[in-house]
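Please keep the sequence and the model in view while reading.

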Amino acid sequence: MTKPIDVSDSDFETQVIESESPVLVDFWAEWCGPCKQIAPVLEEISNEMVDQVVVAKHNIDLEPNTPTKFGVRGIPTMLLFKNGELKATKVGATSKSVIVSWIK
């Protein structure tokens, strides 16, 4: 079982930007209902696509600098990074199939 990794403002650079694998970062908060709704879906994707993508979670309440840097205005927001670059953005809760096809 591969769980999503937690990333903070301080290790975002090493965990996400410098990652050799594509990284999906889920910006979320404890109080966010839709964030809780997609959490199990992201856990499944983390397990099923372990060779294709790293799933990371970033708590916006505890670590507010990185979401501000990337212009995150609403949550959940998922950002897809590849080779250190932001490649795609998805805002809002959506289905597993939509997230998987978005990653591919």
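Strand β2, which spans residues 23–28, pairs with β4 in the antiparallel sense, and five bridges join the two. Within this pairing, F27 stands opposite T77 of β4. Helix α4, residues 96–103, packs on the sheet and touches β2, β4 and β5; the direction of α4 makes about 25° with that of β4. The model described here is a predicted one.

Five strands form an open sheet with mixed pairing, in the order β1-β3-β2-β4-β5. The edges are taken by β1 (5–6) and β5 (85–91). Each of these has a single partner strand, and therefore one side of each is left without a neighbour in the sheet.

Is T77 buried or exposed? Its relative accessibility is 3%, and because buried means under 20%, T77 counts as buried. The side chain of T77 reaches the backbone oxygen of G74 at 2.4 Å. When neighbours within four places in sequence are left aside, T77 is in contact with V25, D26 and F27, with V72, and with T89, K90 and V91.

A second residue of the sheet, A56, is found in strand β3, residues 54–59. With a relative accessibility of 0%, A56 counts as buried. Residues up to four places away in sequence not being counted, A56 touches I5 and V7 as well as V23, L24, V25 and D26. A56 and S8 are 48 residues apart in sequence, while their C-alpha atoms are 9.8 Å apart in space.

The aromatic side chains come next. A pair of aromatic rings is described by the distance of the centres and the angle of the planes. How many aromatic pairs does a search of the whole structure find? The search finds four. One of them joins F12 and F70, a tilted pair with 5.6 Å from centre to centre and 40° between the planes. F12 lies in helix α1 (residues 12–17) and F70 in the loop between α3 (65–69) and β4, so this pair ties together parts that are 58 residues apart in sequence.

Because F12 lies in helix α1 and F81 in strand β4, the pair ties together parts that are 69 residues apart in sequence. F12 and F81 are both buried. Ring pairs link F12, F27, F70 and F81 into a cluster, and F27 is the residue that stands opposite T77 in β4.

The last topic is the covalent link between cysteines. The count of disulfides comes to one, formed by C32 and C35, whose sulfur atoms are 2.3 Å apart. The link is right-handed, with 80° about the S-S bond. C32 counts as buried at 3% relative accessibility, and C35 is buried with a relative accessible area of 2%.

Conventions:
Residues are numbered from 1 along each chain as its sequence is written. This is a predicted model: local features need pLDDT of at least 70, side-chain atom pairs count only at pLDDT 80 or more; totals for chains, interfaces and linings use all residues. Side-chain values use heavy atoms; hydrogens and water are left out. Buried means under 20% relative accessible area, exposed over 50%, partly exposed in between (1.4 Å probe, protein chains only). A polar contact is a pair of N or O atoms within 3.5 Å; within protein, one must be able to donate a hydrogen and the other to accept it, and residues adjacent in sequence count only if both atoms are side-chain atoms. Contact means heavy atoms within 4.5 Å. A disulfide is a pair of cysteine sulfur atoms within 2.5 Å. Rings of Phe, Tyr and Trp (its six-membered ring) pair if their centres lie within 6.5 Å; planes under 30 degrees apart count as stacked, over 60 as edge-to-face and the rest as tilted. Helices (H or I, at least four residues) and strands (E, at least two) are DSSP runs, numbered from the N terminus. Two strands pair if DSSP finds at least two bridges between them. Axes are lines fitted to C-alpha atoms, for helices over the stretch in contact, and angles run from 0 to 180 degrees between N-to-C directions.
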